[in-house]
Amino acid sequence: MTLSLQSPPSAAALSASIQKGRWKTVAVGFSVAPPPSVNFTLRRSIPRIHASASSSSSPSSPSLGAGENNELDAVSAFSEIVPDTVVFDDFERFPPTAATVSSALLLGICGLPDTIFRNAVDMALADSTCAGLDTTESKLSCFFDKAIVNVGGDLVKLVPGRVSTEVDARLAYDTNAIIRKVHDLLRLYNEIDVPHDRLLFKIPATWQGIEAAKLLESEGIQTHLTFVYSFAQAAAAAQAGASVIQIFVGRLRDWARNHSGDTEIETAVKSGEDPGLALVRRSYNYIHKYGYKSKLMAAAVRNKQDLFSLLGVDYVIAPLKVLQSLKDSPAVPDDEKYSFVRKLTPETATHYNFTNKELIKWDQLSLASAMGPASVELLSAGVEGYANQAKRVEELFGKIWPPPNV
């Protein structure tokens with residue numbers, strides 16, 4: 001495989017490449033509150049998907065405001081709506097406000113030699129410090145870190161919000177190793193002048209990951225805990241002070257359709273609730289009732305009804321087909337099928353009742369005891385999937401290194 005080594009592209013060059021139709025890789029995106037000083041150079045004729053601060057923070061938002069011509073405008077008044085993927089012209093149709101850089105993204109970049117991010121990987125593989133390390137394992141790990149940071153640095157130039165960097169999932173059960181890895185990644189970001197406030201670090205919500213997030217947040221490093229499938233995980237993550245907590249709505253629903261024996265899920269189903277939506281609601285109410293700083297992100301949203309049921313949650317990651325359907329549908333006040341009313345508010349959260357068992361100070365033992373088979377299986381599967389992807393990236397780097405002229 002031929003690699004070309006060039007200077008890293010500038011922000012203007014990256015934006016120009018997108019506008020010319022040369023965006024050909026996949027980037028999983030999510031959004032967080034963007035810093036006001038960041039410039040965004042995409043064409044201004046393209047509407048950006050985001051919630052206005054005034055409406056999203058209000059405890060009792062109106063059902064439909066003036067100027068909301070389609071359903072996407074309407075729902076964006078209550079939650080920040082984020083494209084699940086950004087591919088080619090989809091970047092222009094639904095420009096992301098933030099992004100995630102991951103092992104899956106690196107694999108995609110390596111499979112597309114003309115992508116604008118390929119140079120970031122080439123430069124990582126040409127790094128003399130990594131090449132000079134003693135063992136193959138340490139070389140490949142170094143290349144991996146450099147590549148993910150280089151791509152993250154390019155993404156920071158393209159989005160106004162923060163970029164979440166995946167932390168190697170093979171470290172998910174080792175608190176100290178997670179912290180060391182984040183420090184290493186942050187040092188690499190410092191070398192390319194990426195401000196700390198533009199970054200999050202994405203960590204699996206194992207107990208060790210939650211503990212790592214607590215310690216990192218105490219240092220002022222922002223964390224993004226993922227693979228949250230139980231209230232116990234969400235509450236422990238909030239107590240740890242995680243900046244972002246990500247719940248996968250559809251995956252819990254899928255598990256419930258094919259399995260039984262999980263008390264938390266069965267309680268939701270018996271009360272007529274979807275288990276994924278119920279977990280988001282309980283977690284949101286817990287965070288807001290007890291004043292935790294965490295923002296809640298709902299992912300694996302499968303349809304418009306899911307999205308309407310979540311209005312008011314901080315962030316919703318929605319697939320492109322749902323976004324397109326929303327954009328193509330006029331917003332009709334008092335719609336009989338969908339109601340544009342905020343479902344989750346800080347005000348209603350204050351009236352939500354939690355049991356004494358839910359209000360404990362969570363530790364490793366209580367978390368393990370409270371997690372049912374759904375959260376245990378889904379967390380384990382998520383960690384394993386991310387770990388396998390990271391391993392595949394290193395194996396691929398081993399095959400294509402050294403690049404030409406190195």
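**Note on helix packing, the disulfide and aromatic contacts**

1. The axes of helix H12 (residues 249-258) and helix H19 (residues 373-400) approach each other within 11 Å and cross at roughly 120°. The model under discussion is a predicted one. Angles of 65 to 115 degrees count as roughly perpendicular and those over 145 as roughly antiparallel; H12 and H19 are therefore oblique to each other. The handedness of the crossing between H12 and H19 is right-handed. Both quantities belong in the description, because two packed helices are described by the angle between their axes and the distance between the axes.

2. One disulfide is present in the structure. Its partners are Cys130 and Cys142, whose sulfur atoms lie 1.9 Å apart. The torsion about the S-S bond of Cys130 and Cys142 is about -65°, and the disulfide is therefore left-handed. Cys130 belongs to helix H7 (residues 128-131), whereas Cys142 belongs to helix H8 (residues 136-158), so the bond ties together parts that are twelve residues apart in sequence.

3. The accessibility of the cysteines deserves a separate remark. Buried means under 20% relative accessible area. Cys130, at a relative accessible area of 0%, is buried. Cys142 has a relative accessible area of 18% and is buried. A further cysteine, Cys110, is also buried, with a relative accessible area of 3%.

4. The structure contains twelve aromatic pairs. One of them joins Phe231 and Phe354: the ring centres are 5.8 Å apart and the planes stand at 25°, so this pair is stacked, given that planes under 30 degrees apart count as stacked.

5. Which side chains belong to the cluster linked by ring pairs? The cluster comprises Phe231, Tyr286, Tyr290, Tyr292, Tyr352 and Phe354.

6. Arg251 lies over the face of Phe248, at 4.0 Å from the ring centre.

Note on methods: Residues numbered from 1 in each chain as written. Predicted model: local features only at pLDDT ≥ 70, side-chain atom pairs only at ≥ 80, totals over all residues. Heavy atoms only, no water. Disulfide = S-S within 2.5 Å. Helix = DSSP H or I, 4+ residues; strand = E, 2+ residues; numbered from the N terminus. Buried < 20%, exposed > 50% of the residue type's maximum accessible area, 1.4 Å probe, protein only. Phe/Tyr/Trp six-rings, centres within 6.5 Å; stacked < 30°, edge-to-face > 60°. Lys NZ or Arg CZ within 6 Å of the ring centre and 35° of its normal. Axes fitted to C-alpha atoms, helices over the stretch in contact; angles between N-to-C directions. Parallel < 35°, antiparallel > 145°, perpendicular 65-115°, else oblique. Left-handed = near helix turned anticlockwise from the far one by under 90°.
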